[in-house]
Amino acid sequence: MDSENNKPYTGERTLTQSKMDPTKALSVVRESVTITEQLAELAECLRPYKPEVKKFRIDYLDRSSEIKYFLEIPAGIRRKIHRNRLEVPARIGFRIYELLDLDTGNIVSQFNYDTAESKWIFDLNTFPNSERYLLTLKGNVSTNLLNRIADVKAAANPSRDNGIDKYWIHSALKDVSILKRWWDELDVERVNADVRVGVQRYFTSAIPSQVRERLDVGRKLMDAIARGDRNLEQRLKTKYRSLQKIVKTSPVELYELISTLVSGGFFVNYLKVDDPFVFGAIEPLRQLTVIIPEKVKVSVQTDLNFNQPAARGNLSFQRTKYIEDITDNIEKAVFPKKKRKKR
Amino acid sequence: MKFLSKYIAPWALPNEEIPAHLFWVPDFQYDAIIVKFPPDIILKDLFNVESFEQKDSIITVNKLKTGNFFGFVVALEKLFEEQHKKEQILIDFFSKGKKVYSHVFEVNIFRPKLSLKEAPSRMVLTDDTDVSNLLNIALEVSGFGQIEVRLEISTGGEFRERAEPLYREIVRRMIAAFRTGEEPETKEKSIKINPLYLQKKAQEYIEKIEKGVRPSFGIEKEDFVDFYNWIIDKANRGKIVELLSRHLENLLIESLIFYFEKHPADNVALMQGKPATLIESATQGLSIRFHYRDALMNEYEPVEVVIAIEDKRTQKAKPFELPINLKWIQRTISPIRGREL
């Protein structure tokens, strides 16, 4: 342990901040202040209509937020006594998404956006004769703030058992203090963890030796042509042609075939994830210095809230089945006419 | 006390962040949570904690922010010899100074390990030695997880890393273009190889040469200055790029061969492809260092092999390339079962 850790420490320290760049930590604090201020200002605009937060959602993947207010707008003569305009300035950071008339179930479309003053205006005189409404607003959330709200982790290496590779996944709400007031209604949705499933080795074992031989002879042949060694060129050409008769795939086709076998559409068939996680995007991890993707990025998502502040589970990859199937696919492409062994 | 969920990530590498949490039915009464960590384990983060005190390896949580949920992240930040290290984290809930509930989390940390099983201590070169089957080394991969292996070879002087095969291929072609001054043909090839990949690779190699690294093949010391000037001359850039696109097929083949050579065994990646070394006339000995690291880039103590060379050839002047044949013995363990696979 280093000396800093040996010192007793008391107080409200966020441990991550000690590792973080101080300017970044400060900006997170500022942002959380902003979101609280924004929500306070919004509540002030809606105050005459007794706003009550019904749902506060944060979409982790979209980095967006959504807040739903229950509003009471008196009807008939009582409406006349109230101000007959409801205004929401755009600078607050939330935009009006929808206003639902809860008495009839219809969407209220009588509102305008005033470009000159940058605000939404509802003319209550044109409203239906209902009293209960649900107002939905949407906003954006920065990555910094999301990282402060939730924590996601996945195993770097899988454990292996009976031909199946398993990766543990964990996500948890880390610090919801800024949203504490809405904690009961808070839902952080699609909290996303990326699991990197390694496939690098599997193609090496799935490619028949004749294919590698064809590649090797092809390389030597091109070298011989480049050097002008006619004798060697002749010998290699004969060998190359005989290999070409057996191995029908060109290097380009082989490259394209492998690219298909690591694509999300094919790969998803070999994956399973425990509840409460669901799959998001699955795509090969494109690294600039590697010709064939060596890993497939599998996104798994879950919602976190009051009832489920943390989620845990495993992502399973059916390694043996995948190797069998890619071997089969490659053999079919490489030896189209040859009688293949039945599995 | 009734728990809805108790969890710690079941396995991890050194330096890997290990999350854990406890989530209980709200009616449970307590006023402090005391967590005792082993001295090696570093606390990285706390979940849902409003205030806490830390003294050495003991954390006292006085207040949670919301609800009935507590979590933390820990890591073992040092490398160790054993393949598996087991540690315990003790959590006690106190109410009015009395312990009302205890829970023990087990931390399981595994590492990969490379060790030498078989290597010659001496090699004799004669006129009819079959060099392709001369140098055989067996290595054992045990423990847990994937490793990246990088070879450093010395034939007397300093240790040098062997170049990637694609580097050899691209640089060899650049040298040929520099020598012959050939003008690129305009013939187009319809190869769908990721152009960014080649561009990135070529750029990486050009930068290496720009730094003054002389390729160990194809170019003599006295020619290197001219070649270097040719490379750094921006006027030749277009020529180099065209040269690469003209030889796309070769480069694709080379890249595929490299890809297949890179993964000789399960859980092993050979970063420079199939290894070989150049034996020159005065070579009397060979030292090979196998550097390796895990998926989190933890670098472990390298494995070293020293081999004496006795050159009995009649024509010693001719340098030749000696392939290094590696055999991999697997003894990996599964963290779930905690035993060998």
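**Notebook: confidence, domains and contacts**

I started with confidence in chain A: strand 1 (residues 9-11) of chain A scores lowest, with a mean of 35, while strand 13 (residues 271-273) of chain A scores highest, at 95. This is a predicted model, and those scores are pLDDT values, the predictor's own confidence in each residue. For chain A as a whole, I noted a mean pLDDT of 80, with 83% of its residues at 70 or more.

Then, the domains. Chain A splits into domain 1 (13-140), domain 2 (151-203 + 256-334) and domain 3 (209-246). I checked where domains 1 and 2 of chain A meet: 13 residues of domain 1 contact 14 residues of domain 2. Which elements give two or more residues to the domain 1 side? I found helix 3 (22-46) and strand 2 (52-59) of chain A. Strand 2 of chain A gives the largest share of that side, seven residues. I sorted the domain 1 side by class and got six nonpolar, three polar and four charged residues.

Last, the two chains. Their contact takes in 51 residues from chain A and 59 residues from chain B. On the chain B side, elements that supply at least two residues include strand 1 (3-8), strand 7 (69-76), helix 2 (195-210) and helix 5 (248-262) of chain B. Helix 5 of chain B has the largest share of that side, ten residues. By class, I wrote down 29 nonpolar, 14 polar and 16 charged residues for the side of chain B that touches chain A.

How values were computed
Residues are numbered from 1 along each chain as its sequence is written. Chains are lettered from A and ligands numbered from 1 in the order in which they are written. This is a predicted model: local features need pLDDT of at least 70, side-chain atom pairs count only at pLDDT 80 or more; totals for chains, interfaces and linings use all residues. Domain bounds come from an automatic or database domain assignment. Two residues are in contact if their C-beta atoms, placed from the backbone, lie within 7 Å. Helices (H or I, at least four residues) and strands (E, at least two) are DSSP runs, numbered from the N terminus. Ala, Val, Leu, Ile, Met, Phe, Trp, Tyr, Cys and Pro count as nonpolar, Asp, Glu, Lys and Arg as charged, and the others, Gly among them, as polar. pLDDT is the predictor's confidence in each residue, from 0 to 100.
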